[in-house]
Amino acid sequence: KIIDRRNYNGSTDGLILLRLARDALGVASESSFDKLDEMMTVMYEYFETLDDEEVAKGINILPGVLDHLNLLAGMKEEVVCGLVTGNVEGIAHRKMRAVG
């Protein structure tokens, strides 16, 4: 069975893993939830095997985002910044590094 990747766009990594367990393996979310931390670890370990070019595939940076992030990075004394994503933390860092 081919799984349509559009079903996962915009979802958190945890939700993607639960949906994949359901869609690909037929495992109900209630059953796979207890293994979510372990699945996230495996996901991160796999992601670490990819080079930056592979990581960046399919990531589309919205116009102006990099310019604004660079501007904010130069204002560390005036502005406190944080990044909120739905990614496993290590994967979020890898994605940011891969796209610049």
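**Entry 1: ground rules**

I am working on a predicted model, in which local features need pLDDT of at least 70, side-chain atom pairs count only at pLDDT 80 or more, and totals for chains, interfaces and linings use all residues. Residues are numbered from 1 along each chain as its sequence is written, and side-chain values use heavy atoms, with hydrogens and water left out.

**Entry 2: helix α1**

I took helices as DSSP runs of H or I with at least four residues, numbered from the N terminus (strands are E runs of at least two). Helix α1 covers residues 13–25, which is 13 residues. I compared its reach with the expected span, defined as 1.5 Å times one less than the number of residues. From first C-alpha to last, α1 reaches 17 Å, close to the 18 Å expected.

I then looked up burial, where buried means under 20% relative accessible area, exposed means over 50%, and partly exposed lies in between (1.4 Å probe, protein chains only). The buried residues in α1 are D13, G14, I16, L17, L18 and A21. They pack against α2 (29–32), α3 (36–47) and α6, with contact meaning heavy atoms within 4.5 Å. Just after α1, G26 has a positive phi of about 75°.

**Entry 3: R94**

R94 sits in helix α6, residues 89–99. I looked up its relative accessible area and got 5%, so R94 is buried. Leaving out residues up to four places away in sequence, R94 touches F47, E48, L50, D51, D52 and V55.

For polar contacts I used pairs of N or O atoms within 3.5 Å; within protein, one must be able to donate a hydrogen and the other to accept it, and residues adjacent in sequence count only if both atoms are side-chain atoms. A polar atom of the R94 side chain lies 3.1 Å from the backbone oxygen of F47.

**Entry 4: salt bridges**

I counted a salt bridge when a side-chain nitrogen of Lys or Arg is within 4 Å of a carboxyl oxygen of Asp or Glu. The count by this rule is 6.

R94 and E48 form a salt bridge, with the closest N and O atoms 3.7 Å apart. E48 lies in the loop between α3 and α4 (52–56) and R94 in helix α6, so this pair ties together parts 46 residues apart in sequence. E48 is partly exposed at 37% relative accessibility.

R94 also meets D52 in a salt bridge, at 3.0 Å from N to O. This pair links distant parts of the chain, with R94 in helix α6 and D52 in helix α4, 42 residues apart. D52 is partly exposed at 29%. Salt bridges with shared partners join E48, D52, R94 and R97 into one network.

I also checked K35 and E38, whose side chains meet in a salt bridge at 3.7 Å, N to O. K35 is partly exposed at 48%, and E38 is partly exposed at 49%.

**Entry 5: nonpolar patch**

I built patches from residues with over 30% relative accessible area and no salt bridge, joining like charges within 9 Å and nonpolar side chains (Val, Leu, Ile, Met, Phe, Trp, Tyr) within 5 Å. Areas come from the Shrake-Rupley method with a 1.4 Å probe, and for residues only the protein chains shown count as cover.

I61, L62, V65, L69, L72, L83 and M96 make a nonpolar surface patch of about 590 Å². Helix α5 (residues 65–73) gives the most to this patch, with 3 residues. V65 is placed in helix α5, and its relative accessible area of 34% makes V65 partly exposed.
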